[in-house]
Amino acid sequence: MATEEPVDLQEVARLVQALENDLARLQAGGDDYVALKAEVEALREALHLTDEQKVRERLHGLHRFLDEAADTAFTGSQYIGSIGRMLGM
């Protein structure tokens, strides 16, 4: 069984801040906005627990969300790349 690389929690915290900054510039409302905001909040809560497995799970969830929401007004390509690197993808 392969060992997962540790997640850089400081880098994840920077990602969460960048996502929140972008969310603040988006017009509130809409299902994608609400879903992305919930994903970012869940990731922030996982960071406060400093439970790396929870952070990894939330990163995977956020990665999936951004992949699926790629056609929306919110473009997550820079975040998808960052999250992928954090997860060793």
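1. A residue is termed buried when its relative accessible area is under 20%, exposed when over 50%, and partly exposed in between (1.4 Å probe, protein chains only). Helices are DSSP runs of H or I of at least four residues, numbered from the N terminus. The model is predicted: local features need pLDDT of at least 70, side-chain atom pairs count only at pLDDT 80 or more, and totals for chains, interfaces and linings use all residues. Residues are numbered from 1 along each chain as its sequence is written, and side-chain values use heavy atoms, with hydrogens and water left out.

2. In α1, the buried residues are V12, L15, V16, L19, E20, D22 and L23. Viewed down the helix axis, they lie within an arc of 165° (taken from the directions from the axis to the C-beta atoms), and so line one face of α1. Q10, A24 and R25, on the other side, are exposed.

3. At the start of α1, a side-chain oxygen of D8 comes to within 3.1 Å of the backbone nitrogen of Q10.

4. E39 is placed in α2 (residues 31–49) and counts as buried because its relative accessibility is 17%. Its side chain makes a polar contact (N or O atoms within 3.5 Å, one able to donate a hydrogen and the other to accept it; residues adjacent in sequence count only if both atoms are side-chain atoms) with the side chain of R58, at 2.8 Å.

How values were computed:
Helices (H or I, at least four residues) and strands (E, at least two) are DSSP runs, numbered from the N terminus.
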